[in-house]
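Here is a walk through a structure, written for someone who likes to know which cut-off lies behind each term. Keep the viewer open and follow along from one contact to the next.

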Amino acid sequence: MFKITLSNVDLLRNSIPIISEIIDEGVFKVDSNGLSLVSPDRSMIAVVNFQLLASAFDDFNVTGEEALGLNLANLVAVIKRIKTGDKVTLKKDEGMNVLEVVLEGRGRRRFEVPLLDITGEKPPLDQLEFKGKVELDSSVLEEGISDADIVDDSVVLETNPDAFKMWAKGDISSAQLELKKGEEGLRKLESAEALKSRYPLEYLKKMIKAAKLSEQVDLEFGTDYPMRLNFKSIDKVNLSFVLAPRVEE
Amino acid sequence: MFKITLSNVDLLRNSIPIISEIIDEGVFKVDSNGLSLVSPDRSMIAVVNFQLLASAFDDFNVTGEEALGLNLANLVAVIKRIKTGDKVTLKKDEGMNVLEVVLEGRGRRRFEVPLLDITGEKPPLDQLEFKGKVELDSSVLEEGISDADIVDDSVVLETNPDAFKMWAKGDISSAQLELKKGEEGLRKLESAEALKSRYPLEYLKKMIKAAKLSEQVDLEFGTDYPMRLNFKSIDKVNLSFVLAPRVEE
Amino acid sequence: MFKITLSNVDLLRNSIPIISEIIDEGVFKVDSNGLSLVSPDRSMIAVVNFQLLASAFDDFNVTGEEALGLNLANLVAVIKRIKTGDKVTLKKDEGMNVLEVVLEGRGRRRFEVPLLDITGEKPPLDQLEFKGKVELDSSVLEEGISDADIVDDSVVLETNPDAFKMWAKGDISSAQLELKKGEEGLRKLESAEALKSRYPLEYLKKMIKAAKLSEQVDLEFGTDYPMRLNFKSIDKVNLSFVLAPRVEE
């Protein structure tokens with residue numbers, strides 16, 4: 001049983017639709033920390049980790065911990081109906097099997113989204129240890145992904161102590177982005193050794209849409225190892241993704 | 001035989017394309033009152049009632065009354081070629097079987113649209129008696145229609161003396177908009193008794209595009225009874241629709 | 001072997017994509033005059049003539065003359081990745097079989113586009129002698145083409161010493177644009193005799209997109225004779241097209 005109210009509606013409008021491109025169904029959690037979701041995608045190639053902190057809400061009343069099994073497409077259809085200036089209340093009453101979404105602006109608009117009887121698998125994200133970290137302007141990663149996308153369906157990330165590189169090579173053309181330590185756009189580079197790993201563009205193109213939430217993205221990865229992309233809006237919302245590498249046989 | 005000239009071209013550009021989404025062919029009338037069309041759609045579920053008053057025109061010369069059978073798609077193709085700043089002349093010469101549309105801006109552009117040999121059926125709109133009337137901000141009706149559209153293909157309108165409601169309930173979700181008397185967005189509510197009727201969203205989504213013409217829309221309806229939607233730009237153009245209810249068996 | 005650098009990236013972004021809609025593959029030439037392409041389209045109905053003058057570049061180093069066989073779609077994919085503010089370098093090293101495109105903005109982005117082993121046929125454009133010339137606002141030609149497009153798939157151009165006309169007549173409707181000598185939009189008219197020729201709209205709709213490059217377009221044509229359309233941005237880029245007439249049997 002909870003009732004939580006949010007005026008900064010972009011925190012929902014800029015995050016949930018992106019998540020819904022990767023996850024079909026997921027179990028959201030509402031507890032005293034806020035609203036959160038940790039869920040792998042259907043093919044287990046990616047994990048979404050979303051947190052909207054209790055402090056981002058105008059009112060936040062929850063008793064204990066609630067698990068909300070939701071179809072993301074259903075939820076997004078409602079999220080897209082939010083107008084700027086609306087106040088959004090998410091609500092679940094004891095024993096009810098729906099999430100109630102109330103929009104208050106001109107008049108009162110009320111939506112009911114059915115809850116699904118699903119259980120979330122928690123992927124073991126805590127065991128990941130990344131050898132390198134790159135902090136980038138989100139727009140730089142956006143360009144690197146779009147550049148690679150014109151030549152292949154995957155992109156290789158490489159670091160060494162002095163530079164960060166993204167490149168793709170297709171049958172006909174090649175594309176490469178390079179930033180040296182200290183160059184504009186590369187905010188931080190930590191890579192004691194040379195690292196190299198390939199990732200599928202299909203997922204990266206969806207994840208990079210979270211650049212709307214944050215001007216900075218932190219990449220952590222290793223050689224032939226998963227990558228974590230972290231988009232952080234300080235103190236309010238945190239959206240990160242873990243993406244499996246594409247390892248050549 | 002007539003020749004009528006209009007500088008306020010948005011009166012045509014914002015109305016005829018909307019009408020053409022509902023009506024395939026129709027008989028326009030030109031007489032001393034202006035340019036008008038009253039026509040049911042092919043399936044007899046809706047009636048379009050359009051009037052562009054003689055006073056909206058810069059020049060208005062007509063002898064008697066002319067009936068113009070037109071294919072709306074042909075007419076819209078020409079209407080869409082009007083540029084802001086053009087002066088539009090609609091013209092029919094004695095014995096000619098075309099509507100001539102002349103656009104004067106840079107140079108002189110002339111279109112001929114063929115006249116069809118059709119006769120319009122006048123639906124008996126005068127016999128309608130509505131038990132309730134709601135005056136809304138057009139944008140409120142727009143929201144209510146779009147909200148309902150995510151859950152079902154029809155929407156229920158309800159009034160009682162104190163409130164106006166629109167709601168839809170699908171297999172999976174529900175949506176509801178409510179405005180109480182005196183709330184912003186609900187300009188007027190006249191409903192001596194409780195009224196309730198369901199209407200197809202397919203038509204409402206087309207009709208609400210007339211919100212471009214007017215910030216206010218007047219709804220008149222009854223229980224399991226047709227609805228009239230009236231978009232009025234004072235003294236110039238009047239676009240109203242009558243829509244049959246969807247009565248549950 | 002050459003290396004040429006350009007800051008005014010719109011000269012590429014506003015021209016190459018238009019050319020690629022008409023030409024699949026072509027042989028660009030780089031010599032001391034600049035970068036150029038003269039190429040017929042696959043069906044030999046149109047010829048593209050493009051010149052980006054050496055003076056438009058920040059740096060222009062070329063030894064001798066280089067021929068670059070390029071697939072236009074591949075080239076456009078890279079051109080579209082250029083951001084405003086980037087500096088573009090086009091480069092070919094001795095013995096290399098790729099065109100290197102380097103974008104310098106935030107970081108350094110490098111693309112390789114493969115060179116094709118094709119030879120360009122030079123169409124005998126010098127033999128053309130046009131009897132009439134019309135200088136128009138590009139936007140006027142744009143309107144005339146779009147007007148004609150709603151009624152037919154070709155348009156007739158006519159001149160006489162006093163006026164310029166474009167018209168189309170389909171099964172159902174007709175459209176006509178007329179400009180008299182001295183009217184706004186018609187900058188110059190040279191037509192000693194009456195001229196008349198019909199051209200395919202499919203090509204004209206692609207060519208008129210070059211209106212982005214220049215506010216003025218010069219048309220030269222004759223009776224049942226090819227037309228040349230010339231879009232000229234003084235001292236920098238020149239894009240012209242020759243289009244075969246559609247002669248009625």
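Between chain C and chain A about 1400 Å² is buried, and carbon and sulfur atoms give 46% of that area. Buried area here is the accessible area (1.4 Å probe) that two parts lose on being put together, summed over both. The size of an interface is often given in this way, as the accessible area lost when the parts come together. Please keep in mind that this is a predicted model, in which local features need pLDDT of at least 70 and side-chain atom pairs count only at pLDDT 80 or more, while totals for chains, interfaces and linings use all residues. Residues are numbered from 1 along each chain as its sequence is written, chains are lettered from A and ligands numbered from 1 in the order in which they are written, and side-chain values use heavy atoms, with hydrogens and water left out.

Which residues make up this contact? Chain C brings 14 residues and chain A brings 19, where contact means heavy atoms within 4.5 Å. Five salt bridges cross the interface of chain C and chain A, a salt bridge being a side-chain nitrogen of Lys or Arg within 4 Å of a carboxyl oxygen of Asp or Glu. You can look up one such pair at Asp137(A) and Arg106(C), whose side chains meet in a salt bridge at 3.3 Å, N to O. The same interface of chain C and chain A has ten residue pairs in polar contact, both residues at pLDDT 80 or more. For a polar contact, the rule asks for a pair of N or O atoms within 3.5 Å; within protein, one must be able to donate a hydrogen and the other to accept it, and residues adjacent in sequence count only if both atoms are side-chain atoms.

On the side of chain C that touches chain A, α3 (72-79) and β9 (107-114) of chain C each supply at least two residues. β9(C) gives the most to that side, with eight residues. By class, the side of chain C that touches chain A holds five nonpolar, two polar and seven charged residues. In this scheme Ala, Val, Leu, Ile, Met, Phe, Trp, Tyr, Cys and Pro count as nonpolar, Asp, Glu, Lys and Arg as charged, and the others, Gly among them, as polar. Helices (H or I, at least four residues) and strands (E, at least two) are DSSP runs, numbered from the N terminus.

β9(C) also takes part in strand pairing: strand β13 (residues 174-180) of chain A and β9(C) pair in the antiparallel sense over five bridges. Two strands pair if DSSP finds at least two bridges between them. Within this pairing, Ser174(A) stands opposite Glu112(C).

Now turn to chain A and chain B. About 1400 Å² is buried between them, with 46% from carbon and sulfur atoms, and the contact takes 14 residues from chain A and 19 residues from chain B. The interface of chain A and chain B has five salt bridges. Arg106(A) and Asp137(B) form a salt bridge through their side chains, at 3.3 Å, N to O. Both Arg106(A) and Asp137(B) belong to a network of salt bridges whose members also include Arg81(A), Asp86(A) and Arg187(B). β9(A) and strand β13 (residues 174-180) of chain B pair in the antiparallel sense over five bridges, and Arg110(A) stands opposite Gln176(B) there.

Is each of them buried or exposed? Arg110(A) is partly exposed, with 21% relative accessible area, whereas Glu100(A) counts as buried at 11%. Buried means under 20% relative accessible area, exposed over 50%, and partly exposed in between (1.4 Å probe, protein chains only).

A last stop is Thr159(A), in strand β11 (residues 154-160) of chain A. Thr159(A) is buried, with a relative accessible area of 4%. Its side chain makes a polar contact with the side chain of Ser191(A) at 2.8 Å. Beyond its neighbours within four places in sequence, Thr159(A) is in contact with residues including Val134(A), Phe164(A), Leu189(A) and Phe221(A).
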